[in-house]
Amino acid sequence: MDRLSSGVGNLSLKGFGPFKVQLADHLNYRTSLRLATFWEYSSSFIGSLKSENADVGLMMVNEMAERGEIQSDDISMLTNALRQCRLDGIATAVEKIFKDNASQTGEQNSERPDKSVNPRNQPPETRPAPQGVGDEGQRQGGSVMQAVKMFSRLEQPAGQEAAPRKPGRTPIKTPATPTSGASPTAKSADQGSQNTETVEPIDINSHVTIKATDSRQKQQSIIGQLKEASNKGTPIRELILDTSFGTIDESGSITLHSDLVLPLFSTLLVLTVWTEKGRVMTETELTGFLKYGSKSTKLNVLGFQSCDLPSLSSSTEVLKEIQKKRLKVSWVDTAHCLDTSSGSWEMDTIDEVRADCETGVGMYKHWRKETHELQIKMLQFASENEIPVNLLILTKCYRSVTPDGTKITLQSGQTLPALSSVKMINITTEDGRKIPADEFAHLLEFANKSQIIEDLSFQRCELPSTLPASSVSPEMGSRNFKVSWLSAGHCFDLYLRTWKIADLDTIRESCELGIVIYKQCSSHMHKLQVHFLTVASQNNVPIRLINLSDSYRTVDATTGSIILESGVMLPRLTSLGRLSINAVGRELTEEDVNGLVNYSNHSSRCSEVDFYWCFLPWSVPTDRFPAHLRSGKFQGK
């Protein structure tokens, strides 16, 4: 084997390589971009997908493999994400090719632990009791991480429809759970299948959805059935364009991404347009939808989700038609509706505000300044009217906080005042951002100003090890709301002003996502991460992945532990599922490879060790490898 200049080396089970190659064929640019956005990949990686000569599918597969989102014995994280991105057809196809490839490795798989008895898949009440875990226990309503995951995609499992809270509002949805019993007739348009697809009759008394991932044949069938119902005068309760909307002109002619034209349905009651996340609608597009609505005889609600919408000039002709028709135009994300007399957005009913606050309110870096302004207006209204905001998420849009904790400044320049009725706050920063002690204290004070605060959590940042006594008021210490550092699996004790290990549920959820140990992080953070991982291992909590991002120094010859660049020692873990070594430009020796492989052998769950972007030896003797890895491949690309 040739020496690697800047490639990838794998120790993986046979059959996984062919699966990854076939998986790459299903990941075109659009699908990869949606997944990368869903998982919040770095902007540099997303930018690399746009390169003219980039093999987008293989790039995405290698990145997912590195992050532990696909494994040789588990692709549930990927299929779950595909379904949450409303790519059900692709998810079904991926499950099929994974199953086909898995059948080639049945002999090897028989040596692995049965996943049906994996503690990660057992109900919480049947899992082992924690050892050395903080005593916070489960809070009513679940952890903040569960709430963040719930809010990140308001979607239900495929095939399970629920009645909306109000006409025009897409129902609250829960993250999809992939199942092996997916319909064999469900096919994605991206698969290019020429077989005849079986399309089930639609239920016009429920929510009829046209998805971007539906095949052209399926979309044609749905449109045909809607047209037939409309011609018969049968009311159509709601039509949802689920990221399938492509373009619209000023006359109101809607064209889907599949190039199919959506006709007018005279009996349609509600039309909801769910766009790609963060899509910015132009005035021409919004005017076109209003024109479509004015022509639809019985349409009474036109709703928009996941997009930024402009205001319109009061002289826009179509506004008069909408006003006369009394068509409600709702911007669901911000709980605002269009004022047809002025063309601007105004606060919706208090019931709509309450529904949004119950679900959760998210503010994102890519949102326009005007959108942040509307969200802040709605949050202030909720606070003034004592409407509980179950969750407030600030995703990469937090810039700074005032010393008195009364205001947060967003990246857009808008100012978010402290809220008196927010229950949980999640702040996700840019990767590796360091928040100093004084800023951390000011953020605690910001949260403390809420009368009902329960959780304040942080992700992707580095927090101080402690705070001065003067930073935490006695009143704040007595309230003792939960402060979580999700990236390190620890919680901050407001009374003692120090970090302690999180509750077992938070540890379990963090381990399911995978843990990245960065070189640039301090030894303080490395120690917390090692402590957290050790407790997880002691309690038999499966650790999906540990990714050493340029933080690996060597393997201790005496103990077999990994020594990090910070000098902190990572002991052997019995519940580790996969180990990934990122060592950009570094030359690893035979001793390094043997040491890392034997480190993984301490866990019966570990089936793969990956080496990325490093120089590897010409060859590595496998006689010292553990038996369950010795049959695998050692290769470089």
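I began with Ser32 and found it in helix H2. Helices here are DSSP runs of H or I with at least four residues, strands are runs of E with at least two, and both are numbered from the N terminus. I noted that this is a predicted model, in which local features need pLDDT of at least 70, side-chain atom pairs count only at pLDDT 80 or more, and totals for chains, interfaces and linings use all residues. Residues are numbered from 1 along each chain as its sequence is written, and side-chain values use heavy atoms, with hydrogens and water left out.

**Entry: helix H2**

Is Ser32 buried or exposed? I read 0% relative accessibility, so Ser32 counts as buried. The scale calls a residue buried under 20% relative accessible area, exposed over 50% and partly exposed in between, using a 1.4 Å probe and protein chains only. I then listed what Ser32 touches, leaving out residues up to four places away in sequence: Leu27, Leu49, Val56 and Met60. Contact means heavy atoms within 4.5 Å.

H2 covers residues 29–38, and its buried residues are Thr31, Ser32, Arg34, Leu35 and Ala36. I recalled that an α-helix has 3.6 residues a turn, so residues three or four places apart point the same way. At the start of H2, a side-chain oxygen of Asn28 comes to within 2.8 Å of the backbone nitrogen of Thr31. Just after H2, Glu40 has a positive phi of about 60°.

**Entry: the sheet of 7 strands**

What is the strand order in this open sheet? I traced S12-S13-S17-S18-S19-S20-S21, with mixed pairing. Two strands pair if DSSP finds at least two bridges between them. Strands S12 (361–364) and S21 (498–501) are at the edges with a single partner strand each, so one side of each has no neighbour in the sheet. From one strand to the next, the twist averages 25°.

Strand S13 (residues 392–395) runs parallel to strand S17 (residues 424–434), and 4 bridges join them. Leu394 has Ile427 in S17 as its bridge partner. S17 also pairs with strand S18 (residues 455–462), in the parallel sense, over 7 bridges. There, Met424 is partnered by Asp455 in S18. S18 in turn pairs with strand S19 (residues 482–485), parallel, over 4 bridges. Phe458 has Trp485 in S19 as its bridge partner.

Next I checked the helices. S17, helix H14 (residues 437–448) and S18 form a right-handed β-α-β unit. Right-handed means that, with the strands pointing away from the viewer, the path from the first strand over the helix to the second runs clockwise. Helix H13 (residues 369–384) lies across S12 and S13, at about 150° to S12. Such angles run from 0 to 180 degrees between N-to-C directions, with axes fitted to C-alpha atoms, for helices over the stretch in contact.

**Entry: the sheet of 3 strands**

I found another open sheet, ordered S4-S5-S6, with antiparallel pairing. S4 (245–248) and S6 (261–262) are its edge strands, each with a single partner, so one side of each is left without a neighbour in the sheet. S4 and strand S5 (residues 254–256) run antiparallel and are joined by 3 bridges. Thr247 stands opposite Thr255 in S5. H10 packs on this sheet, touching S4, S5 and S6, and its direction makes about 90° with that of S4.

**Entry: Lys298**

Where is Lys298 found? I placed Lys298 in the loop between helix H10 (283–295) and strand S8 (301–308). Its relative accessibility is 43%, so Lys298 counts as partly exposed. Lys298 and Pro235 are 63 residues apart in sequence, yet 8.6 Å apart in space, C-alpha to C-alpha.

**Entry: salt bridges**

How many salt bridges does the structure hold? I counted 16. A salt bridge needs a side-chain nitrogen of Lys or Arg within 4 Å of a carboxyl oxygen of Asp or Glu.

I looked up Arg578 and Asp610, whose side chains meet at 2.2 Å, N to O. This pair links distant parts of the chain: Arg578 is in strand S27 (residues 578–582) and Asp610 in strand S28 (residues 608–614), 32 residues apart. Arg578 is buried, with a relative accessible area of 0%. Asp610 also counts as buried, at 0% relative accessibility. Last, I noted one network of salt bridges with shared partners, joining Glu276, Arg279 and Glu285.

Terms used:
Polar contact = N/O pair within 3.5 Å; in protein donor to acceptor, adjacent residues only side chain to side chain.
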